[in-house]
Amino acid sequence: MKNITLFFIAVIALAAVSAICAARWMSGRTSEPAMAAHEWLHSQLRLTEAQHKALEPIEAQFTGRERILVKQLHAANLDLARIMGEDKAYTPRVAAAVECVHHCMGELQKASIEHVFAMRSVLTPEQSDKLLTLAQRSLEQTQ
């Protein structure tokens with residue numbers, strides 16, 4: 001169970017980094033953490049202005065998909081909370097609601113991973129390798 005929890009924490013961390021970068025690229029206004037994450041990613045990958053521009057549609061697509069998935073995950077968690085309160089025991093309804101939450105988390109992870117691979121199409125081979133290494137380290141370091 002601990003490995004599953006760590007896996008989903010890594011998914012959320014990767015999604016958060018992607019979301020922060022997407023938000024930075026899609027708007028002129030950013031929060032301090034978003035700016036810091038963007039600057040960190042920029043310094044790590046050494047993105048050119050042309051690459052930033054080429055990434056805009058990729059980021060926009062991911063941002064839209066991520067927004068939907070996060071809303072679905074939130075709704076699934078609300079449903080789980082409601083069912084737990086109604087059933088007051090680990091019933092088949094609670095188990096089904098947990099599975100729904102897990103499905104939503106898995107879809108969010110899948111979208112985040114697909115986003116990383118989509119970004120690679122704009123990067124040089126060296127940048128692409130670096131992005132994969134950063135994503136892998138993010139997943140490995142989640143404890």
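Biologist: What share of the contacts in the protein with a separation of 6 or more comes from residues 24 or more positions apart?

Modeller: Residues 24 or more positions apart supply 71% of these contacts, a contact being heavy atoms within 4.5 Å. This is a predicted model, in which local features need pLDDT of at least 70, side-chain atom pairs count only at pLDDT 80 or more, and totals for chains, interfaces and linings use all residues. Residues are numbered from 1 along each chain as its sequence is written, and side-chain values use heavy atoms, with hydrogens and water left out.

Biologist: What makes the pattern of the protein α-α-α-α-α?

Modeller: The protein has five helices and zero strands. Both are DSSP runs numbered from the N terminus (helices H or I, at least four residues; strands E, at least two). Read along the sequence, these elements give α-α-α-α-α.

Biologist: Why are helix 3 and helix 4 called roughly antiparallel?

Modeller: Helix 3 (residues 49-87) and helix 4 (residues 92-119) pack at about 170°, and their axes are 9 Å apart. The axes are lines fitted to C-alpha atoms over the stretch in contact, and the angle, from 0 to 180 degrees, is taken between N-to-C directions. The cut-offs are under 35 degrees for roughly parallel, over 145 for roughly antiparallel, 65 to 115 for roughly perpendicular, and oblique for the rest. The two helices are therefore roughly antiparallel to each other. By class, their contact has 21 nonpolar, four polar and eight charged residues.

Biologist: How do you know that Glu107 and Arg65 meet in a salt bridge?

Modeller: The term requires a side-chain nitrogen of Lys or Arg within 4 Å of a carboxyl oxygen of Asp or Glu. For Glu107 and Arg65 the N to O distance is 3.8 Å, and the pair counts as a salt bridge. Glu107 lies in helix 4 and Arg65 in helix 3, 42 residues apart, and the pair links distant parts of the chain. By this rule there are six salt bridges.

Biologist: What makes Arg65 partly exposed?

Modeller: Its relative accessible area is 38%. Buried is under 20%, exposed is over 50%, and partly exposed is in between (1.4 Å probe, protein chains only). Of the 143 residues of the protein, 37% count as buried.

Biologist: Which residues are linked in a network of salt bridges?

Modeller: The network links Asp79, Arg82, Glu86, Asp87 and Arg93. Within it, the closest N and O atoms of Arg82 and Asp79 are 2.3 Å apart, and those of Glu86 and Arg93 are 2.7 Å apart. Arg82 and Asp79 are separated by about one helical turn, because they are three residues apart in helix 3.

Biologist: Why do Glu86 and Arg93 count as partly exposed?

Modeller: Glu86 has 45% relative accessibility and Arg93 has 38%. Arg82, at 41%, is partly exposed, and Asp79, at 30%, is partly exposed.

Biologist: What is the phi of Arg46, which is not a glycine?

Modeller: Arg46 has a positive phi of about 55°. Most residues other than glycine have a negative phi. Arg46 lies in the loop between helix 2 (32-45) and helix 3. Lys88, in the loop between helix 3 and helix 4, has a positive phi of about 55° and is not a glycine.

Biologist: How do you know that Lys88 is exposed?

Modeller: Lys88 has a relative accessible area of 70% and is therefore exposed. Arg46, at 67%, is exposed.

Conventions:
Nonpolar A, V, L, I, M, F, W, Y, C, P; charged D, E, K, R; others polar.
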